[in-house]
Amino acid sequence: MVRLPLPLLLLASLVAGPALASDLPAPTYRGEIVLPTGLSIAGIEFGGISGLDYDAASGHFFAISDDRSEKAPARVYELAMTLSQTGITGLDITATHTLTGLDGKPFAPKSIDPEAVRVDAAHGHIFWSSEGDADGKPAIYIADSSEKAVALFELPRAYMPNKEGTRGIQPNLAFEGLAISPDGKFLYASTENALIQDGPKADFDHGSRSRILKLDIGTGKPVGEYLYTTEPIPQRPASGSADNGISEILPLDENRLLVVERSYMAGIGNHIAIFVADLAGATDFNGAETIPQDAQPVKKSLWFKLDEGDDGLDVDNIEAMSWGPDIDGERSLVMGSDNNFSTHQFTQFVLFTVPKG
């Protein structure tokens, strides 16, 4: 499915909210490709795409499924996409790689919750995050080229749930986003919403006090933590559920990240907002059990947004984003959606190009 390009920054300028990222060139929508729920590859259902990253060496994308080893063992798909100015003109699922633990065995059902993936080409590693094991503990894995876990990043105690329920990640609101710094030295990990001790989930009047954790790839240890305040839920549905939180992050330059905030409102649909987050000047509270009340948050500015119907798109549950290969001198940006293995949703890959400069 291919549609005419439209600079989405023009749409963003029509909405109230944070200042626009005026120094970042406007992206151009190029097209999308949609895969139906129920698609099976060698007997394994394809779906649950929650993270996506491009490997320049192979020319393929790696997409992680958030299936909790229930439909099949936890896995990463290898995808060959044909990208051009006319859109995504081809997609082949070339391989399915099973994720394994430190013991070399596939994960048991409900013992893992994969959410984000990044390819560390410089060291031949793959980094991937889990929102929680059978005990609700999050983790960030270091795997080799065969997807076998070889180590874990060290996570601060503040992220680990306690028996009293007064500390740690909130269920299903942990490490949704990962990003490798441009110099390859650091891994950033973002929580979807606040830790229990830092504040409540996002609601219709207030955002949530999420954390961005900075990890040293060489040592595996945390070296920085920053406050990122999400937006409130954009609209109140007449009935049913609604939420908003960080679903992905991506490196932009030394101090800045692209941050995807994804909202869902029953009866209204999905709202996707992409922000530029500048860590320079934000308070580094590394190791703090609770975010200091006077902490200076990361500065954020709106780059562009996607609402239902923008560009004629039926916007689904965008949880993945990756830079891709250059297209005619511009950077490609690919987003992917998590269909939740639901017949009411679909797997969607959307292509943009961004001028360099």
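How many residues lie between strand 6 and strand 7 in their hairpin? The legends below take this view first. The model is predicted.

**View 1. Strand 6 and strand 7 form a hairpin.** Two residues sit between the strands. Strand 6 covers residues 75-84, and strand 7 covers residues 87-98. The two strands run antiparallel. Ten bridges join them.

**View 2. Gln 197 is a buried loop residue.** Its loop runs between strand 13 (186-191) and strand 14 (209-216). Is Gln 197 buried or exposed? Its relative accessible area is 17%, so Gln 197 counts as buried, the cut-off being under 20%. The side chain of Gln 197 reaches two backbone atoms in this view. One is the backbone oxygen of Ala 158, at 3.0 Å. The other is the backbone nitrogen of Gly 168, at 2.9 Å. Leaving aside neighbours within four places in sequence, Gln 197 is in contact with Ala 158, Thr 166, Arg 167, Gly 168, Arg 211, Glu 289 and Thr 290.

**View 3. The structure holds one cavity of 30 Å³ or more.** How much space lies in the largest cavity? About 40 Å³. Which residues line the largest cavity? Ile 180, Ser 181, Pro 182 and Tyr 188 are among them. The lining also includes Pro 251, and the run Asp 253, Glu 254, Asn 255, Arg 256 and Leu 257. Leu 279 is in the lining too. By class, six lining residues are nonpolar, two are polar and three are charged.

**View 4. Glu 147 has a positive phi.** The angle is about 70°, although Glu 147 is not a glycine. Where is Glu 147 found? Look in the loop between strand 10 (139-143) and strand 11 (149-152). The relative accessibility of Glu 147 is 3%, so this charged residue counts as buried.

**View 5. Phe 341 also has a positive phi.** Here the value is near 55°. Phe 341 is a residue other than glycine. Its place is in the loop between strand 21 (331-337) and strand 22 (347-354). Why does Phe 341 count as buried? Because its relative accessibility is 17%, and buried means under 20%.

Technical notes:
Residues are numbered from 1 along each chain as its sequence is written. This is a predicted model: local features need pLDDT of at least 70, side-chain atom pairs count only at pLDDT 80 or more; totals for chains, interfaces and linings use all residues. Side-chain values use heavy atoms; hydrogens and water are left out. Two strands pair if DSSP finds at least two bridges between them. Helices (H or I, at least four residues) and strands (E, at least two) are DSSP runs, numbered from the N terminus. Buried means under 20% relative accessible area, exposed over 50%, partly exposed in between (1.4 Å probe, protein chains only). A polar contact is a pair of N or O atoms within 3.5 Å; within protein, one must be able to donate a hydrogen and the other to accept it, and residues adjacent in sequence count only if both atoms are side-chain atoms. Contact means heavy atoms within 4.5 Å. On a 1 Å grid over the protein atoms alone, a cavity is a set of points where a 1.4 Å probe fits but cannot get out, and a pocket is an open set with protein on both sides within 12 Å along at least five of seven lines; lining residues have an atom within 4 Å of a point. Grid points are joined across faces, edges and corners, and a volume is the space filled by probe spheres set on the points.
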